Amino acid sequence: MATSAWRRRLVFTRLGRWYTALTIGIGFAAINTGNDLLFLVLGLLLASIVVSGILSEQSLKGVRVERRLPSNATAGQPALVGLLARNGKPRAPSFSLELRERGGEVAGRGFLVLLGAQQTAEVAYRFVPRRRGLHRFEQLEVATKAPFGLFEKSRRLDAPAELVVFPRRVAAPPLPAWALARHGERPEDRIGIGLEVHSLRDHRAGEDARTIHWKSSARAGRLIAVDREQERRKRVCVVLDQRALSGTALDRAVEQAAALVERELDAGAEVSLAVAGQNLDAGSGDAQLQEALTLLALLGPAGPGTPAPRPDLEASVLEVRA
């Protein structure tokens, strides 16, 4: 259910409780004694409470708050969540504003001493996720103790959002022997940059001297150039079978899979990902890394009847061992 814009929450501070108790005590004394001076003091105390309520409402009125989530977050590593506040009042500033999370899975807050009329300001809080997966945000709350610190008045704003936290970063398992021998790189039958010879031809005037095949040139008595075969980028498939895993064991396996994906992508390979019931096609670059880490972050235990992972048959397979 949507939160009403007019709803306020009022809480006594420690100073406010003492102040209220003092006001009540002086009120009883004034009634019992009929002393005019006590009535005057009582009036001043009650007036300050009324003024406090009016000014605190003025500080909250017209203030809008938005949340700015980071583009990505990783379990165990700090991330910053921004809280953007705007004062929509045409003339009146807002004082002593506390912006904080309410109702979701993440706790955080920021503080603004002064927010001028028609001005915008941003604060940020530090968030260290303890687990991978989806983190939900529900509401934002803007609160103030201005002007006297007797009460805290607050207003809640609906601001639902979600943040996918990537698996914790761990060291990738060591490379197997075949990976050190350029396994997975295959020549293509076209001219390009590579190691294998595609064809020999006469050297053209003005062409780079590095294309000269010196042994053939020495035998032929003229300059012979070599065209190399274009090599296809290394292709790797990371395989994780989570059907028998849950809890901590599943988290460890997911972290290893994420480390393998990141290492192979950093090495320039095309990487695909195969888990029980899902597949991510081969790709490269930051976009592929984001998709793979998102899939792993949201990966849960496999239900009954979930099919086994289907590795990419054209790729070198790196299987995660639980």
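Predicted model: local features only at pLDDT ≥ 70, side-chain atom pairs only at ≥ 80, totals over all residues.
**First stop: helices α1 and α2**

Select residues 14-33, which form helix α1, together with residues 36-60, which form helix α2. Two packed helices are described by the angle between their axes and the distance between the axes. For α1 and α2 the angle is about 150° and the axes are 9 Å apart. Angles over 145 degrees count as roughly antiparallel, and α1 and α2 are therefore roughly antiparallel to each other. Viewed as a crossing, the passage of α1 over α2 is left-handed.

Next, show the side chains at this contact. On α1, select Y19, T23, I26, G27, A29, A30, I31 and T33. On α2, the partners are L38, F39, V41, L42, L44, L45, L46, S48 and I49. Colouring these contact residues of α1 and α2 by class gives 13 nonpolar and four polar residues, with no charged ones.

**Second stop: helices α4 and α5**

Move to α4 (247-266) and α5 (285-297). The axes of α4 and α5 come within 10 Å of each other and cross at roughly 175°. That angle makes α4 roughly antiparallel to α5. For the contact itself, select V254, A257, A258, V261, E262 and L265 on α4. The contact of α4 with α5 comprises nine nonpolar residues, two polar and one charged.

By class, the lining of the largest pocket holds ten nonpolar, four polar and five charged residues.

**Fourth stop: backbone features**

Most residues other than glycine have a negative phi, and most peptide bonds are trans. The remaining selections depart from that pattern.

- Select A146 and P147: the peptide bond from A146 to P147 is cis, with omega near 0°. P147 is in the loop that runs between β8 (133-144) and β9 (151-166).
- Select S96, a residue of strand β5 (residues 94-102). Although S96 is not a glycine, its phi is positive, at about 50°.
- Select Q118, in the loop between β6 (109-115) and β7 (120-127). Q118, also a residue other than glycine, has a positive phi near 60°.

Methods. Residues numbered from 1 in each chain as written. Heavy atoms only, no water. Axes fitted to C-alpha atoms, helices over the stretch in contact; angles between N-to-C directions. Helix = DSSP H or I, 4+ residues; strand = E, 2+ residues; numbered from the N terminus. Parallel < 35°, antiparallel > 145°, perpendicular 65-115°, else oblique. Left-handed = near helix turned anticlockwise from the far one by under 90°. Contact = heavy atoms within 4.5 Å. Nonpolar A, V, L, I, M, F, W, Y, C, P; charged D, E, K, R; others polar.
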